[in-house]
Amino acid sequence: MDAGLLVLRLLAGLLIAGHGVQKVSFHLGGKGLVGGTEEFRHDGFRGGRLTAVVAGGSQIGAGVFLAAGLLTPLAAMAAMGVMTVAGTVKWPKGLWVQNDGYEYPLVLVVISVALALTGPGRWSVDHALGLTPWPLWLVLAAVVTGPTSGLLTRAVLHRAPSAPEGAPRAQAAD
């Protein structure tokens, strides 16, 4: 079981971290911070550069901590949050990744939930520091807070689509 958890943590954690590296640098096929900023703007998010830095940094941190099995429920919570945001961007395209759908972010969210619920295993920094098992209340709070924070981030930072030129605008009710 511990070997399986290690493999799962390393794969998911390093993929999430790599996704963040792409947002803020030219490494791993990234387009630099300018490209990351433009991606968020294209996807309809406010904040520009700050949004790209925070999202990229969150992905890098969550991924590295998940891979190491360090503060696992909190790392999983952060991973769930950022990947939930990614899933909301891809939601209109449907589930399947071949249509640029949300399949991949969903898989990473579910893996993060599973790691939070099972714990990181004996071959982890949490275990070496004597932090396992994590209290159930903390794990459940992380599982709820992660996706919720992603949905709230989307609600706060996403711009409503602007109406085309000449289109009638809705008027506020008196």
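1. By class, 17 nonpolar, 16 polar and seven charged residues make up the lining of the largest pocket. Keep in mind that this is a predicted model.

2. The largest pocket holds about 870 Å³ of space. Its lining runs to 40 residues, and H19, K23, E39, F40 and A86 are the ones closest to the centre.

3. Which helices supply at least two residues each to that lining? They are α1 (2–24), α2 (32–42), α3 (48–68), α4, α5 (103–118) and α7 (136–157). The largest share, nine residues, comes from α4.

4. Now for α4 itself, residues 72–90. With 19 residues at 1.5 Å a residue, α4 should span 27 Å, and its end C-alpha atoms are 26 Å apart, so the two values agree. As for burial, 14 of the 19 residues of α4 are buried, which means the helix is largely enclosed by the rest of the structure.

5. On to the packing. The largest nonpolar core has 20 residues, with L66 and M83 making the most contacts inside it. Two or more residues of this core come from each of α1, α3, α4, α5 and α7. Here α4 gives the most, with seven residues.

6. What does M83 touch, leaving aside residues up to four places away in sequence? Its partners are Q59, P105, L108 and V109.

7. There's also a second, separate core of six residues, among them L33, F40, F45 and A55. F40 is worth a look in the viewer: it belongs to this second core and is also one of the residues closest to the centre of the largest pocket.

Notes
Residues numbered from 1 in each chain as written. Predicted model: local features only at pLDDT ≥ 70, side-chain atom pairs only at ≥ 80, totals over all residues. Heavy atoms only, no water. Helix = DSSP H or I, 4+ residues; strand = E, 2+ residues; numbered from the N terminus. Expected span 1.5 Å × (residues − 1). Buried < 20%, exposed > 50% of the residue type's maximum accessible area, 1.4 Å probe, protein only. 1 Å grid on protein atoms, 1.4 Å probe; cavity = no way out; pocket = protein on both sides within 12 Å on 5 of 7 lines; lining within 4 Å. Points joined across faces, edges and corners; volume = space filled by probe spheres on them. Nonpolar A, V, L, I, M, F, W, Y, C, P; charged D, E, K, R; others polar. Core = buried A, V, L, I, M, F, W, Y, C linked by side-chain atoms within 4.5 Å. Contact = heavy atoms within 4.5 Å.
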